[in-house]
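Notebook open, model loaded. I want to go through charged patches, salt bridges and the overall fold, in that order.

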Amino acid sequence: MQIDWLTVAAQIVNFLVLIWLLQRFLYRPITNAMARREARIEERLSDAKARRREAEDEAEDLRKEREELESSRQEMLEEARAEADELRQRLEQDIRDEVEQKRENWQDMLLEERADFARDMQRKAGHKVLDIAARLLAEFTSGALDDQIAQGFVARLKELDKDTRKKMTAAARDADGPALVETATALDTSARRKITRAIHEQFETGIEVEYQEDEEVLLGVRLAVDEQTVEWSAARHLNRLNRELDALLDSASPVRRKETTD
Amino acid sequence: MEISPDAWVLYEWRGLRLNATIVFTWVVMALLVLLSWIITARLSEGETVSRWQVMLEVVVTTIRDQIDEVGATDPARYLPFIGTLFLFIATSNLLTVVPGYQPPTGSLSTTAALAICVLIAVPLFSIAQRGLGGYLKSYLQPSPFMLPFNIISELSRTLALAVRLYGNVMSGTVIVGILISVAPFFFPVLMQLLGLLTGLIQAYIFAILAMVYIASASRVQRKTEPESDPEHPRTSRQGD
């Protein structure tokens, strides 16, 4: 149990050599590898952190953008809704107006039709009344009234105004044919004689007088000399009444139509 | 019975004797260097790391952490010296399970050589850190009166290092030898296992003590300096 100094020296050398070898093959490579790996991991971590921050920023931006879009979309929606409401109301109003207009037109037409119908009815009624009157006159004036008709005719002839009388006188004088006296029914002889005499007296001519029947005359006498005609008859009155009735109805209808449109 | 492998001479040439201590030291060295070389030749710096590389990384990191815990400012600076002390002693002791192997650390010559290395390394590291004046001044701390005691302590602790390791390893071998002659079947195995444990502990103690000596020689200056970095960051791989 003693120290061999040669061995001690050899072991010191061995130990120093071992330190160098291990430093060369063990510590330095391992330490370097670990340091490099740590650096790389550190780099990756920082890189990942940076990317994460970037991604978070981007996400934040996107979120804001989306919110803005959402709000603007809402605004646009509101606007569109308001516009649609307005349009709907306007269209409704238009349709309501149109319907109202049509209704009024229809009402006008209805009123007009009613007025036309009423006018027609009035016209027909008037004519009917006149017809009945004519028929009644025709039925009740046969025979008995001849003398009165003759007298009436003579009286009227005497009261003839100057112009007519002059024309008639001229016509009687120049006439080629006979004077034509028309009555609804045939007059008896005395009545005919009175009428003939009156004509001769009044027109100062001996013109031949011819008698004819015409139902349209109804009650009265129509005298035609050449182209001149004088007539005193119920038919003339009735015709005038008919004309007046028509004129009255025609003039009344526009006024009424005007009243309804106002 | 041969206690020291020094006495086991394998080859002699003109008075130079090649004893078992040196040969087994070479074996241990070759083993360590070859293993390191094979593994570090294919080092990976990416995510996938081979198991062997992980093992070496764990060993190196643990040694570095231990150095850091003792209080050294720069663990990477002491790593080769302290790490080699530990690895060499541990490997030498663990290989005792191989039949026919004689641990070089069982020789007082080897332990003395390692203790001398520590004896020289302490002032070297201290001078490198503080300069020659600073180192020499540490012998006069806390008062010049303490100079002889400081010198004695320096020498005695070197002696203690050498004898402690030698005694422990040698005793293990001796005990096994004795037990084989007394109870050859069961107890030697137990003692062998116990020897593995003590061998590892001795390697740890030797390396840590060396580090403590070096650190204490450097720490005097740290007290006088403003503490720029009192909590030295541990370079462990916990954050990985």
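This is a predicted model: local features need pLDDT of at least 70, side-chain atom pairs count only at pLDDT 80 or more; totals for chains, interfaces and linings use all residues.

**Charged patches**

Residues are numbered from 1 along each chain as its sequence is written, chains are lettered from A and ligands numbered from 1 in the order in which they are written, and side-chain values use heavy atoms, with hydrogens and water left out.

My patch rule takes residues with over 30% relative accessible area and no salt bridge, joining like charges within 9 Å and nonpolar side chains (Val, Leu, Ile, Met, Phe, Trp, Tyr) within 5 Å. Lys and Arg count as positive, Asp and Glu as negative, and His and the chain ends are not counted. Each charge is placed at NZ of Lys, CZ of Arg, CG of Asp or CD of Glu. Areas are Shrake-Rupley values with a 1.4 Å probe, and for residues only the protein chains shown count as cover.

Which helix gives the positive patch its largest share? Helix H5 (residues 234–261) of chain A does, with three residues. Helices here are DSSP runs (H or I, at least four residues), strands are E runs of at least two, and both are numbered from the N terminus. Arg156(A) sits in helix H2 (residues 146–158) of chain A. I get 42% relative accessibility for Arg156(A), so it counts as partly exposed (buried is under 20%, exposed over 50%, partly exposed in between).

Next I checked for negative charge. Glu54(A), Asp57(A), Glu58(A), Asp61(A), Glu65(A) and Glu68(A) gather in a surface patch. I placed Glu54(A) in helix H1 (residues 5–140) of chain A; this residue is exposed because its relative accessibility is 54%.

**Salt bridges**

I counted 16 salt bridges over all chains, each a side-chain nitrogen of Lys or Arg within 4 Å of a carboxyl oxygen of Asp or Glu.

Helix H1 of chain A holds both Glu78(A) and Arg81(A), three residues apart, about one turn of the helix. Their side chains bridge at 3.5 Å, N to O. Glu78(A) is partly exposed at 45%, and Arg81(A) is partly exposed at 45%.

Arg103(A) and Glu100(A) bridge at 2.9 Å, N to O. This pair also lies in helix H1 of chain A, three residues apart. Arg103(A) comes out at 41% and Glu100(A) at 34%.

How far apart in the chain are Glu213(A) and Arg192(A)? The closest N and O atoms of this bridge are 3.9 Å apart, yet the residues are 21 apart and link distant parts of the chain: Glu213(A) in strand S2 (residues 209–213), Arg192(A) in helix H4 (residues 189–203).

I also noted a salt-bridge network linking Glu182(A), Asp214(A), Arg222(A) and Glu231(A).

**Record and fold**

Last, chain B: I found six helices and two strands, in the order β-β-α-α-α-α-α-α. Of its 240 residues, 43% are buried.

Technical notes:
Buried means under 20% relative accessible area, exposed over 50%, partly exposed in between (1.4 Å probe, protein chains only).
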